[in-house]
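Dear colleague,

Here is the structure I promised you. Please open it before reading on; my notes follow below.

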Amino acid sequence: LESGCHRKRPAYLIETNAMKISIVAQYMLPHRFLSRLAYYLAHSKTPWIKRTFINTILANFDVNMSEALDPNPDNYESFNAFFTRSLKPGARVADANPQALLLPADGKVSQCGKIAEGRIFQAKGHDYTAAELIGDAELAKAYENGQFMNIYLSPRDYHRVHMPWTGTLTETLHVPGRLFSVSPATVNEVPRLFARNERLVCHFDTDFGPMCMVMVGAMLVSGVATVWNGVNIPKYANQPKKLDFRGQNISVARFTEMARFNYGSTVIVLFPEGSVNLDAFAHQAPTLLGDRMGTVI
């Protein structure tokens with residue numbers, strides 16, 4: 001028999017221990033310092049820096065550059081320009097049914113379903129409240145027993161988020177917080193992750209009632225930018241910052257861009273009870289911008 005000191009440890013134990021170390025490290029890391037560093041590197045126009053980052057993504061993720069408006073990676077002035085690249089006209093199309101509620105991003109369904117008594121399911125053993133997520137208990141009442149969808153964008157995905165339905169912007173809230181990874185493995189381990197990470201909460205009025213879109217930051221995500229006032233994260237903040245857009249008549253049409261990420265992250269969309277019927281999506285089901293999410297009632 002092999003002695004205990006020479007016996008190989010099962011692969012699953014090695015992977016489990018590595019994940020535990022990764023999670024512990026995320027609690028200890030200086031999130032904002034790393035994000036500021038990532039911001040500097042992502043926006044650097046130094047050729048070897050941008051090429052290193054772009055080539056790393058292309059080598060490790062199945063990026064379809066044939067869909068990009070400019071398919072040549074060498075033509076992007078920075079890694080951030082490459083990562084937030086636009087698509088060719090027609091690369092994504094809206095569902096032909098005008099009553100179809102549209103998927104807002106390429107990615108995978110992290111979770112979707114009912115906001116049960118104000119609580120949103122994150123992963124087995126973990127949930128959080130809509131009030132925590134959007135930072136306003138009063139506004140969260142509109143979504144009690146409503147529905148939500150959580151879409152995870154990986155580094156391979158198109159990183160612009162579009163509108164599921166036409167809406168008029170009413171207010172935004174920048175909520176400071178941590179910058180945990182939003183990878184599926186971390187989501188399974190960190191309690192209330194989406195209510196803890198830095199995020200931009202965007203409220204819209206629609207013809208079916210209110211709709212909330214939450215752009216959740218993540219590890220090494222250096223910014224969230226919107227089409228109405230540019231970069232919102234950074235600048236980082238220590239207190240929530242609310243902006244009121246009522247009366248400015250900022251309408252964002254169905255299927256048009258509303259915001260973008262600099263790196264893989266998550267968008268969460270909230271709908272009131274009785275306003276929409278979401279289609280059934282399996283956990284980790286792939287999503288394609290413009291495909292049907294459900295229908296408006």
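A cavity here is a set of grid points where a 1.4 Å probe fits but cannot get out. The model is a predicted one, and it holds one cavity of 30 Å³ or more.

**The cavity**

Its volume is about 70 Å³. Which elements supply at least two residues each of the lining? They are strand S2 (107-114), strand S3 (119-123) and helix H7 (184-187). The lining includes Ser110, Gln111, Gln122, Ala123, Pro184 and Val187. Tyr152, Val182, Asn188, His283 and Gln284 also line the cavity. By class, that gives five nonpolar residues, six polar and no charged ones.

**Helix H2**

H2 covers residues 31-43, which makes 13 residues. From first C-alpha to last it reaches 18 Å, close to the 18 Å expected at 1.5 Å a residue. Its buried residues are His31, Ser35, Ala38 and Ala42. Seen down the helix axis, these fall within an arc of 60 degrees, so they line one face of H2. Phe33 and Tyr40 are exposed on the other side.

**Salt bridges**

The whole structure has 15 of them.

- Glutamate 77 pairs with lysine 45, with the closest N and O atoms 3.6 Å apart. Glutamate 77 sits in the loop between helix H3 (47-60) and helix H4 (79-83), lysine 45 in the loop between H2 and H3, and the two are 32 residues apart. Lysine 45 is exposed at 55%; glutamate 77 is partly exposed at 47%.
- Aspartate 62 meets arginine 156 at 4.0 Å, N to O. Aspartate 62 lies in the loop between H3 and H4 and arginine 156 in the loop between S5 and strand S6 (160-162), so the bridge ties together parts 94 residues apart in sequence.
- Aspartate 279 bridges to arginine 292, with the closest N and O atoms 2.7 Å apart. Aspartate 279 is in the loop between strand S16 (276-278) and strand S17 (286-287), and arginine 292 is in strand S18 (residues 292-296). Aspartate 279 is partly exposed at 24%, as is arginine 292 at 33%.

Shared partners also join Asp136, Glu171, Lys242, Asp244 and Arg246 into one salt-bridge network.

**Backbone**

Asparagine 145 lies in the loop between helix H6 (137-140) and strand S5 (147-152). Asparagine 249 also has a positive phi, near 55 degrees. Its place is the loop between strand S12 (241-244) and strand S13 (251-252). Asparagine 249 is exposed, at 64% relative accessible area.

Best wishes

Methods:
Residues numbered from 1 in each chain as written. Predicted model: local features only at pLDDT ≥ 70, side-chain atom pairs only at ≥ 80, totals over all residues. Heavy atoms only, no water. 1 Å grid on protein atoms, 1.4 Å probe; cavity = no way out; pocket = protein on both sides within 12 Å on 5 of 7 lines; lining within 4 Å. Points joined across faces, edges and corners; volume = space filled by probe spheres on them. Helix = DSSP H or I, 4+ residues; strand = E, 2+ residues; numbered from the N terminus. Nonpolar A, V, L, I, M, F, W, Y, C, P; charged D, E, K, R; others polar. Buried < 20%, exposed > 50% of the residue type's maximum accessible area, 1.4 Å probe, protein only. Expected span 1.5 Å × (residues − 1). Arc of directions from axis to C-beta. Salt bridge = Lys/Arg side-chain N within 4 Å of Asp/Glu carboxyl O.
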